[in-house]
Structures are given as C-alpha cells and as structure tokens.
Amino acid sequence: MEGLLTINNVWMMICTGLVFFMHLGFALLEIGLTRQKNTINILFKNIFIITMGLLLYCLLGFNLMYPGEFNGFIGFAGFGLSSPLADGSLDLAYNEGYTYWTDFLFQGMFAATAATIVSGAVAERIKLNSFMIFVVLYVGIIYPIAGSWKWGGGFLDEMGFYDFAGSTLVHSVGGWAALVAIWLLGARIGKFKDGKIGAFPGHNMPFATAGVIILWLGWFGFNGGSVLSADPELTSLTLVTTCLAAAAGGVASFIFSTILYKNYDITMFLNGILGGLVGITAGADQMSPTDAILIGAIAGVIIVLGVALIDRIRLDDPVGAVAVHLICGIWGTLAVGIFGNLAGFDQFITQLVGVACYAAICIVGSFLIFYVMKVTIGIRVSAKEETEGLDIHEHGMDAYPDFGLKQQ
C-alpha cells in the first residue's frame with residue numbers, strides 16, 4: 001500500500017511539473033502569434049497569471065472548489081490550506097493515490113490555465129491593470145465555484161456530467177471569458193477596415209511552433225495526471241488517445257484550410273493540434289484510439305471554421321483562443337455522449353446541460369467583471385499606446401533591444 005502510494009504520488013508530481021511547463025508553451029505561442037512591440041506585455045501577463053493564480057488558489061480557490069459537504073452549488077471550507085497531519089506526520093489517509101499537498105499543487109496548475117486562455121484573446125490592446133484585476137476575480141472566485149459543480153462533487157457531478165480533464169471546466173471556462181472580453185474590448189486598430197479583414201502576422205513563428213510542441217508535451221501531464229494515479233492501463237490509454245487526437249487535429253486542420261484557402265497555413269496547423277488536444281480532454285480515458293482520431297479530426301475542421309466565424313462576426317482574437325478553447329471545448333464535452341464508453345442519448349443531453357450551465361456562470365461572471373471595469377477604470381489602452389506598442393508605454397523597454405528590429 002505504501003509503495004503504491006509513493007508510485008502514484010511521484011506520477012502526480014511529474015504531471016504537475018508538465019502542466020506547469022505548459023505555461024511556457026502558452027507564453028511562446030502568444031508572443032509568436034502577435035506583434036513584436038507587445039512581447040514584454042504578453043510575457044508579463046503570463047508570469048502574473050501563474051504567480052498570482054497559485055497564491056489565490058492557496059488562499060481561496062482550493063477550498064471553494066473542494067469544499068467537502070456542500071449544497072452542490074457553492075461551498076467554502078475556509079481560507080488557506082489546512083495541515084493534514086496525524087500524530088505529527090502527513091496524514092496519508094487523505095487519498096489512496098496521492099497526498100493533500102500534491103492534490104493542491106496539481107489542481108492549482110489547472111486554475112491558472114483558464115486565465116492564460118483569455119490573455120491570448122485580449123492581446124495587444126487591454127490595459128495591464130484591468131487584466132490583472134480580472135485574473136484575481138476570475139481565478140480566485142469564478143473558476144473554483146464553477147469547478148466545484150463537477151470536480152468538487154456538486155450538482156453536475158451528481159447529475160452524471162462527465163469532464164475528465166477539463167474540456168469545459170478549464171478550456172471553455174477560459175473560452176467564454178475570452179469571448180466576452182474581446183466583444184467588450186473591440187478589435188485592434190486596423191483589423192476591420194472598409195469591410196475588409198486586416199492581417200496582423202505574428203512576428204515569430206518559431207516561437208509559436210515551439211509553444212505548441214511544449215503544450216502538446218504538457219498535455220501528457222494535463223490528461224495523464226487526471227487519472228489521479230499511476231494506474232498503467234488508464235494512464236497509457238489516456239496518453240495514447242491524447243496524442244492521436246492532437247495529431248489528427250493538426251492534419252485535418254491543415255488539409256481543410258489548404259482546400260479552402262489554397263495555401264499551407266502553419267498557424268492553422270498549430271491551432272489544429274491544440275483543437276484536437278482540447279477536444280479529447282473531456283473523455284480521454286473513455287475513448288478508443290479510433291474514437292480519439294475522429295474527435296481530433298473533427299476538432300481540426302472546427303478550428304478552421306471557427307476562426308473564420310470569429311472574423312466574420314467582427315471579433316478580434318489574435319491567437320484563435322475562442323475557436324481552440326471554447327468551440328473545441330464544447331465539441332469535446334459533447335463528444336463524450338457520442339463516442340466511447342459513455343456514449344448515449346441521455347449522456348449527450350447531460351453533457352449539453354453541463355455546457356449550458358458553464359456558459360451561464362462564465363458569461364455572467366466575466367461580463368460583470370469586464371463591464372464594471374470598462375465604465376470605471378477602462379479596459380483598453382489609448383490609440384497612441386496601441387499603435388506604438390504596449391512594451392514601450394507600459395513597461396518602458398523593448399523585447400529585442402540588441403537586435404535593432406524595427407517596431408511593427
């Protein structure tokens with residue numbers, strides 16, 4: 001028993017490290033797909049998210065998300081972490097698979113991810129102080145309450161809603177907030193002009209590509225750790241379905257985008273991989289390899305159509321966050337009722353109800369946060385700051401001073 005606990009706990013620690021490493025991937029992807037003049041601003045946001053997110057999750061979020069016995073909608077087990085000790089030693093009865101401390105740290109890494117999704121969508125025109133206030137309120141309050149509905153044993157868990165590792169609980173939670181934010185913020189200057197969609201190419205495709213590869217690697221911890229043990233059957237299947245869905249998403253996206261636009265678009269290829277990963281996350285432990293390929297391939301097509309849809313309705317999403325995390329998150333959640341061990345009409349309806357419940361809390365919560373800031377302190381930088389770059393105006397420095405690169 002003690003040896004099994006050690007093995008399980010070590011696996012969970014490794015997965016925690018992999019999920020932490022994903023934050024580097026998010027940062028590289030975001031700066032790669034945006035313009036050079038906003039690089040430091042984006043890096044600052046990403047560092048703030050992981051540091052503040054962990055502190056908030058320790059002081060408030062963990063006990064909001066896992067309150068123990070509660071009414072199924074909202075509960076709170078108290079501020080800060082408790083000390084799970086028995087006779088002066090760590091109480092190993094907390095869970096047969098891992099310790100209390102490991103549980104907190106693994107779940108804390110997930111919490112910060114939801115805000116990182118929003119960072120990419122609002123890039124290049126949001127006020128830094130407004131974004132930081134959003135992170136504090138969304139990660140500290142909205143995300144853990146929403147998470148408690150399923151992972152904390154709340155009403156959706158009792159209903160039978162299934163989300164293995166967070167297609168909805170993490171990715172759509174971030175995606176809904178991203179959608180609300182870009183609607184209230186408005187598009188970047190020049191994005192939609194004279195009825196045409198302006199192109200703002202990312203300044204560093206090698207960074208963006210490296211970011212996606214790092215995220216793919218980190219997803220082994222994201223999904224593999226969500227088994228919550230080192231069970232060889234479940235972990236190996238989960239890693240296989242995760243990897244195959246990513247590959248299928250990338251291939252389907254690049255083929256479909258090539259047919260539509262007659263060029264080989266690396267950004268569609270990269271976002272297709274991420275779409276496949278998001279899509280499989282809700283049911284990675286319930287799918288066969290063939291199921292995973294189908295789910296990933298459909299997600300890859302959804303990415304191409306989703307990006308086009310966001311542009312058509314005149315919403316500006318510099319990194320495709322809404323298409324990847326929201327639309328593919330919804331698809332992956334619903335796919336649990338279509339493919340795999342849980343497939344069935346009743347399960348599909350339950351999944352649909354879960355999607356609707358998370359849409360409600362996330363849209364209302366994020367709208368209240370952003371709208372109040374918009375009418376008080378403001379959420380958008382001035383036209384001068386946006387045109388000349390946030391790095392110079394908000395941080396007083398250039399990301400590449402030694403290379404003498406001209407600001408775009």
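Author: A pocket is an open set of grid points where a 1.4 Å probe fits, with protein on both sides within 12 Å along at least five of seven lines. Rolling a probe the size of a water molecule over the atoms shows where empty space is left. Please keep in mind that this is a predicted model.

Reader: What volume does the largest pocket have?

Author: The volume of the largest pocket is about 700 Å³. Its lining is made up of 26 residues, and those nearest the centre are Lys191, Asp265, Thr267, Val307 and Asp311. Two or more lining residues come from each of the elements α9 (266-281) and α10 (289-312).

Reader: Which element gives the most to the lining of the largest pocket?

Author: That element is α10, with four residues.

Reader: Let us turn to single residues. Is threonine 39 buried or exposed?

Author: A residue counts as buried when its relative accessible area is under 20%. Threonine 39 has a relative accessible area of 2%, and therefore it is buried. This residue belongs to helix α2, which covers residues 39-65. With neighbours within four places in sequence set aside, threonine 39 is in contact with Ile31, His203, Asp391, Ala399 and Tyr400.

Reader: Where is threonine 238 placed, and which residues is it in contact with?

Author: Threonine 238 lies in helix α8 (residues 232-261). Its relative accessible area is 0%, so threonine 238 is buried. Apart from neighbours within four places in sequence, its contacts are Phe164, Asn223, Gly224, Val227, Ala284 and Asp285.

Reader: How is tyrosine 261 to be read, as buried, partly exposed or exposed?

Author: Partly exposed residues fall between the buried ones, under 20%, and the exposed ones, over 50%. Tyrosine 261 has 42% relative accessibility, so it counts as partly exposed. Tyrosine 261 is also placed in helix α8. Not counting residues up to four places away in sequence, tyrosine 261 touches Met268, Val304 and Ala308.

Reader: Which residues form a nonpolar patch on the surface?

Author: Nonpolar side chains are joined into a patch within 5 Å, provided that each residue has over 30% relative accessible area and no salt bridge. Here the patch consists of Ile133, Val136, Leu137, Ile141 and Ile377, which together have about 340 Å² of accessible area. One of these residues, isoleucine 377, has a relative accessible area of 39% and is therefore partly exposed. Isoleucine 377 sits in the loop between α12 (345-375) and α13 (383-388).

Key: Residues numbered from 1 in each chain as written. Predicted model: local features only at pLDDT ≥ 70, side-chain atom pairs only at ≥ 80, totals over all residues. Heavy atoms only, no water. Buried < 20%, exposed > 50% of the residue type's maximum accessible area, 1.4 Å probe, protein only. Contact = heavy atoms within 4.5 Å. Patch = residues over 30% accessible without salt bridge, like charges linked within 9 Å, V, L, I, M, F, W, Y side chains within 5 Å. Areas by Shrake-Rupley, 256 points an atom, 1.4 Å probe, with all protein chains shown as cover. Salt bridge = Lys/Arg side-chain N within 4 Å of Asp/Glu carboxyl O. 1 Å grid on protein atoms, 1.4 Å probe; cavity = no way out; pocket = protein on both sides within 12 Å on 5 of 7 lines; lining within 4 Å. Points joined across faces, edges and corners; volume = space filled by probe spheres on them.
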